[in-house]
Amino acid sequence: LAPWIPVVGLEIHAQISSNSKLFSGSQVQFAAPPNSLVSFFDASLPGTLPVLNRRCVEAAVMTGLALNCSINKKSLFDRKHYFYADLPAGYQITQQRVPIAVNGSLSYSLCIDNKMSQMVTKTVRIKQIQLEQDSGKSLHDDTRSQTLVDLNRAGVGLMEVVMEPDMCCGEEAAAAVRELQLILQTLGSSQAVMAEGQLRVDANVSVHHPGEPYGVRTEVKNINSIRFLAKAVDYEIQRQIEELENGGTILNETRAFDSKLGCTVPMRDKEGKQDYRFMPEPNLPPLILYDAKSLPANMNHQQVINIDWIHERLPDLPSVKREKLVEQYGILPEHSFTLLNEDGLAEFFESVVNQTQMKPKKVIGWILNDLLSYLKQHSLTVKESPVSSFLLADLLNLLEKKEISSTAAKRVLAELWKGEGKTPLEIVKEQKLELLQDQKELEQICQAVIDGQENEVIMMVPR
Amino acid sequence: VVLKDGLRSQVSAALKEGRVTPTELCQRCLALIKSTKFLNAYITVAEETALKQAEESEERYKRGQPLGVLDGIPVAVKDNFNTAGIETTCASNMLRGYISPYNATVVQKLLDQGAVLLGKTNLDEFAMGSGSTDGVFGPVRNPWSYSRQYREKSVPKSHSEDKESDWVITGGSSGGSAAAVSSFTCFAALGSDTGGSTRNPAAHCGVVGLKPTYGLISRHGLIPLVNSMDVPGILTRCVDDAALVLGSLAGHDPKDSTTIQEDFKPFELPNLTDVSKLSIGIPKEYHAPGLSSEILALWSKAADLFKNAGAKVVEVSLPHTCYSIVCYHVLCTAEVASNMARFDGLEYGHRSAMKESTESMYAATRREGFNDVVRGRILSGNYFLLKQNYEKYFVKAQKVRRLIVNDFVKVFRSGVDILLTPTTLSDAAPYMEFIQEDNRTRSAQDDILTQAANMAGLPAINVPTVLSERGLPVGLQFIGHSFQEKQLLTVAKWFEKQVQFPVIQLEEVKGLDSGVFQHQKSASFS
């Protein structure tokens, strides 16, 4: 059988972290009482007009720069029309003709063969980033045959990030999204928490034989976590391969991922091609951005966005942070990935290093093996750790000064984990875990053991 | 104070000096509205709130602290502007009973100046039409139908015919506002202008109708027809008053991203005496098919008036004028289809009782809520916006629009200051005749002289000029450079002075104005 090449592209919607919505002044907040954050514009009251939120534009520029995009100095807004209960105006304002950023790239890393020790770097091209409105939420109440509409989310700013079909499997898709998530969180342009709907991923999947054109693609929606993303993509690839090998065809359709069953199913209400009747948004002039060169001299800088100014103030991206950690502390690259993968862990590590004489290369083991596994076992975040960096550093100092053995240290840590407020030294004393340093005393103990086991001692070592 | 007095010149002084009070003005206007109810110019009369506003204005005048020239002045607003607490219907079943929670920016500005809002005026449904005949509250009647001037000239076809059947239309779509100003029920009214909807009824009702430059006055709160062409329009009885109202409304609005950023400085109009430095352009393409010989002659006479006064009068060409109606049709219907998408019965407005599914509820709501004209435009617009048609129609129309704009740019760059054209093809038609043709046909015919100014976003004004042979008003239109309202209105004011358009002689007004109130000056105005 000829080999199959799976092709995976992603459309990611990231909710912009801002105080107010993209085109209106109502607040952005998760889980507020229904319809309590709805301005007249959000409710599409006749006669209301959109006013662009500066912070949202800055967030999109930051994100575009972090993803190596060209920022379009002139971008346009369009209306995308369809009727749905959670879209009050009957259209969404988006950027279809000329988006704010194009032609970028994202580098991400994968472990080969599940071993952390062998990491490979891959790149996925970013086709574009566009600003658009989020829709409201509709909740279907089948028992009462009604639909309840909550417009709190209607009009919240989104950045749609389109990743070209450069990925080949679920693992790559997941790693790419994870890296994007870290970047967005580092920038602060989106909190990117999938569970709160701040990051939504749709996957485009197709398969083809080498040398042949790309196959028909399906769109997979309703993916609620990075883990499920990998599962959904891999399932869909398999499904398409099996379908084609059995002589079937792939429909250009939208499918939903069913996390319970672990499979994708066709989505009924997305059947048939929609004509969105795109039209320029007449109430918003073209969005003009400036850089240091093009900025007119007498322009009030409150009124404009300077791309260079934003570029200068970008924080260190995850890839840079990892490099610095490796360089500064001599840890392995795969260690830096784990440190950044866990919220607050890198800061914890650095804090411990600063408070102990133990070398970072040794500290890292305690962080990644002992601390992290404890946290995972108990489903705690770093912030929730009962063992503070101070306590851990204290413990490691005892170890470093050879006052305890590493076995003893592990026992102390287990005790510290109970969070009873005892210091490492107190636990050591309690459990009599001190290392004996006195040579004579040690000899006496050894001699006593040997003397008490005459039968087992089969050979006298010459002095 | 007689109702025909100019705001700045006479009424303001009278109010300040206490010769008339805001409450008296308000009561007089409200009474006149009642006695001219048959005109059907008003959809909602906000009597209580108006009297309250008048009272508050009176207090301010007593303290010697009026907010400005508009303080205490009764005004009316077309029913497609949002007014908080007062029904806003757009003359449609879709918004019947809709009470907006906010004021349009222009309404707020008027109220902030102390103006007294008498009520909301009638229009074609959602401002679609050129007759003010296609709203759910019925057609508006042109006050001139009941004027002595018209009555004298009209020959009743038979004795049994009464004054009910031969009334003439106001033109549209801001017919209610034009009729309200024309019949003295208010001193100024707001209309809207997308293809001529302020200038057309102004011409037919013998009042001044100003279409400002696009972007000069905020559209926030104006329920849109075509976002890229709509402007709030100003209707008054003299050019000075239009300038005054313009001054209180113009300027940047952060709520409307299409308004200019620069500061706007209100101006008083100079009394132009020397027109020798003026260059008046006469666009030959405005000699449109269907232009009545009467108006053609009038246009020529007006050109001569300028020439004889020393102005330079040149024939110019706007070659793409003939394409503007078709171009407008595509762009207008496309934006209408989009703007009307929000009327689904969910958040506000009419909701059908149909409950089978969301889609069926939408469909029924929209069928019940919109009239044929609106639905026709939505269907056309959606057709033009289909992916397979977009390039052929919408993009093409935008390119043609650019050509139309360039026509004006070229002419203005060649040294022409103001263009002089007719406003309408003829005087107002009798209602019975007007409705013989459908809305689309009428609009296409009637918009030809006014539409291009909306395409180009230019300021334009109708100045009532003369009475036709039938005793009905005929106006002429001046089109100016972008944001050069001061020059435009200065020239319009000079012309207004030259032509001395007669005051309408209405029985109803005469009765109210003579000897009834204490503080007025000499009564008659005939």
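Reader: What volume does the second largest cavity have?

Author: In this predicted model, the second largest cavity has a volume of about 60 Å³.

Reader: Which residues lie nearest its centre?

Author: The second largest cavity is lined by 13 residues, and those nearest its centre are Thr48(A), Arg79(A), Tyr91(A), Asn283(A) and Arg342(B).

Reader: How does that lining divide by class?

Author: The lining of the second largest cavity has six nonpolar residues, four polar residues and three charged residues.

Reader: How many cavities of 30 Å³ or more does the structure hold?

Author: The structure holds five such cavities. The volume of the largest cavity is about 160 Å³.

Reader: And which residues lie nearest the centre of the largest cavity?

Author: Phe41(A), Asp42(A), Ala89(A), Tyr91(A) and Gln133(A) lie nearest its centre, within a lining of 15 residues. By class, the lining of the largest cavity divides into seven nonpolar, four polar and four charged residues.

Reader: How does one find empty space of this kind in a model at all?

Author: Rolling a probe the size of a water molecule over the atoms shows where empty space is left.

Reader: Let us turn to pockets. What is the volume of the second largest pocket?

Author: The second largest pocket has a volume of about 2000 Å³. Its lining is made of 45 residues, and Leu284(A), Pro285(A), Pro286(A), Ser257(B) and Thr258(B) are the ones nearest its centre.

Reader: Which elements give two or more residues to that lining?

Author: From chain A they are helix H1 (54-66), strand S15 (279-280) and strand S16 (287-288), and from chain B they are helix H10 (324-339), helix H13 (387-413) and helix H16 (451-456). The largest share, five residues, comes from H13(B).

Reader: How many nonpolar, polar and charged residues are in the lining of that pocket?

Author: The lining of the second largest pocket has 25 nonpolar, 13 polar and seven charged residues.

Reader: Now chain A as a whole. How many helices and strands are there?

Author: Chain A has 12 helices and 16 strands.

Reader: What radius of gyration does chain A have, against that of a compact globule?

Author: Chain A has a radius of gyration of 29 Å, whereas a compact globule of 463 residues would have one near 23 Å. Along the principal axes, the C-alpha atoms of chain A fill a box of roughly 95 × 65 × 55 Å.

Reader: What share of the residues in chain A is buried?

Author: Buried residues make up 49% of the 463 residues in chain A. Chain A exposes about 23900 Å², of which carbon and sulfur atoms supply 51%.

Definitions and conventions:
Residues are numbered from 1 along each chain as its sequence is written. Chains are lettered from A and ligands numbered from 1 in the order in which they are written. This is a predicted model: local features need pLDDT of at least 70, side-chain atom pairs count only at pLDDT 80 or more; totals for chains, interfaces and linings use all residues. Side-chain values use heavy atoms; hydrogens and water are left out. On a 1 Å grid over the protein atoms alone, a cavity is a set of points where a 1.4 Å probe fits but cannot get out, and a pocket is an open set with protein on both sides within 12 Å along at least five of seven lines; lining residues have an atom within 4 Å of a point. Grid points are joined across faces, edges and corners, and a volume is the space filled by probe spheres set on the points. Ala, Val, Leu, Ile, Met, Phe, Trp, Tyr, Cys and Pro count as nonpolar, Asp, Glu, Lys and Arg as charged, and the others, Gly among them, as polar. Helices (H or I, at least four residues) and strands (E, at least two) are DSSP runs, numbered from the N terminus. The radius of gyration is taken over C-alpha atoms; the globule rule is 2.2 Å times the number of residues to the power 0.38. Buried means under 20% relative accessible area, exposed over 50%, partly exposed in between (1.4 Å probe, protein chains only). Accessible areas come from the Shrake-Rupley method with a 1.4 Å probe; for residues, only the protein chains shown count as cover.
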